[in-house]
Amino acid sequence: MIPAAFDYEVAESVEHAIELLGSTEDPKLLAGGHSLLPFMKFRLARPATLIDIGRISGLSGVSDGGEHLAIGALTRHHDLNHDPLVKEHCPLLAYAAGLVGDSQVRHRGTIGGSLAHGDSAADLPTIALTLDAEIVVRGPDRERTIAATDFFRGFYETALEPNEAIVEVRVPKTGAAGWSYIKFRRRALDWATVGIATVVEAGNGTIESARIGLTNMGQTPLRAAATEQALAGAARDRVAEATARADEGTEPPSDVSASSDFRRHLCRVLTARAVEEALSR
Ligand SMILES: Cc1cc2nc3c(=O)[nH]c(=O)nc-3n(C[C@H](O)[C@H](O)[C@H](O)COP(=O)(O)OP(=O)(O)OC[C@H]3O[C@@H](n4cnc5c(N)ncnc54)[C@H](O)[C@@H]3O)c2cc1C
């Protein structure tokens, strides 16, 4: 449980962090440390240099970007949970951030760290995918914006290049749409056995559109595409039929928390509940 030896650098600015990424041996950025340090203790990661970005000013906080909220990479889960702008314009994100780990985790962990870590059992990657967020990353030569749909590539794998840092997450406002996040877990404070995020727009008796994100149903966060298509333009009484397809295209793991089949079952049942909950908001 003791990490391998490493060097430690403090980045004074984003530019300094990127310069250090290019000039130090086998580096890793350190934000809240609540995913990286456990990985290092289990020797699943052995960076030679940690670049601490936790003290860079201007990288945290939420601002109103018009159609979206601009969220600094260092914004902590606790702050997302309590921020008035996030509560008003992206309540799904505020709510889900309040379900991450325990109070200590939420006071240290950051949205940038959570997305960069790319754990399909984590909550915020699914929320970013469901909300069609964009991730702004900066490297030595350029800044680029990556859609959440293109960001999560595989098992703990993202579209980030080794010398890039996430600087901002842009989350479109959800307006009056209904929403829900159901996080099924065996014990309070655990990661999700399965999580279902929904954003639903509905008119009189008809569902106009539904976005549904799945936590821990594959190697990356996923969208329940078949159910989304079945719900678009459907009458509200078709929810049960459409959500019976929620696990289509998923490859849920089997582990100590649940078998793959049980996860599929949970996915179908909880998606129906989440859509109904979103419709009732
Ligand atoms: C006991 C415990 C319970 C937890 N429960 C949950 C849970 O229920 N749900 C959940 O979603 N998560 C959970 N987590 C994980 C937690 O949310 C982490 O805080 C989060 O996943 C990572 O954020 P961080 O700031 O701590 O990142 P770090 O651990 O500092 O970094 C994680 C990875 O991201 C990289 N990184 C960090 N910041 C950036 C950046 N700006 N740009 C590029 N790369 C970057 C690092 O190099 C590293 O590879 C839990 C953690 C613990 C310890």
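Which side chain meets that of Arg263 in a salt bridge? In this predicted model, the partner is Asp255, with N and O 3.2 Å apart. The two ends of this pair sit in different accessibility classes, and the cut-offs show why: buried means under 20% relative accessible area, and exposed means over 50%. Arg263 has a relative accessible area of 0%, so Arg263 is buried. Asp255 stands at 39%, so Asp255 counts as partly exposed.

That pair belongs to a wider set. The count of salt bridges comes to 17. Another of them joins the side chains of Arg223 and Asp132, at 3.0 Å from N to O. Arg223 lies in strand 14 (residues 222–223), while Asp132 lies in the loop between helix 8 (123–130) and strand 6 (134–138), so this bridge ties together parts that are 91 residues apart in sequence. Both ends count as partly exposed: Arg223 has 23% relative accessibility, and Asp132 has 35%. The two residues also take part in a network of salt bridges, in which Asp132, Arg211, Arg223 and Glu228 are linked.

Arg238 is partly exposed, at 40% relative accessibility.

Now turn to the ligand. It has 29 residues around it, and Leu29, Gly33, Ser35, Leu36 and Thr110 come nearest. The shell divides into 14 nonpolar, eleven polar and four charged residues. Which elements each supply at least two residues of this shell? They are strand 2 (27–30), helix 7 (111–117) and strand 10 (165–172). Helix 7 gives the largest share, four residues.

A backbone N or O atom of Gly32 is 2.8 Å from a ligand oxygen. A polar backbone atom of Gly33 lies 2.7 Å from an oxygen atom of the ligand. Lys183 uses its side chain instead: a polar atom there is 2.9 Å from a ligand oxygen. On its own, the ligand has 970 Å² of accessible area, and the protein covers 91% of that.

Finish on the surface. Met1, Phe42 and Leu44 form a nonpolar patch there, with about 400 Å² of accessible area together. Leu44 is found in the loop between helix 2 (36–41) and strand 3 (49–52). Is Leu44 buried or exposed? Leu44 counts as exposed, because its relative accessibility is 60%.

Definitions and conventions:
Residues are numbered from 1 along each chain as its sequence is written. This is a predicted model: local features need pLDDT of at least 70, side-chain atom pairs count only at pLDDT 80 or more; totals for chains, interfaces and linings use all residues. Side-chain values use heavy atoms; hydrogens and water are left out. Patches are made of residues with over 30% relative accessible area and no salt bridge: like charges are joined within 9 Å, nonpolar side chains (Val, Leu, Ile, Met, Phe, Trp, Tyr) within 5 Å. Accessible areas come from the Shrake-Rupley method with a 1.4 Å probe; for residues, only the protein chains shown count as cover. A salt bridge is a side-chain nitrogen of Lys or Arg within 4 Å of a carboxyl oxygen of Asp or Glu. Buried means under 20% relative accessible area, exposed over 50%, partly exposed in between (1.4 Å probe, protein chains only). A residue is near a molecule or strand if one of its heavy atoms lies within 4 Å of it. A polar contact is a pair of N or O atoms within 3.5 Å; within protein, one must be able to donate a hydrogen and the other to accept it, and residues adjacent in sequence count only if both atoms are side-chain atoms. Ala, Val, Leu, Ile, Met, Phe, Trp, Tyr, Cys and Pro count as nonpolar, Asp, Glu, Lys and Arg as charged, and the others, Gly among them, as polar.
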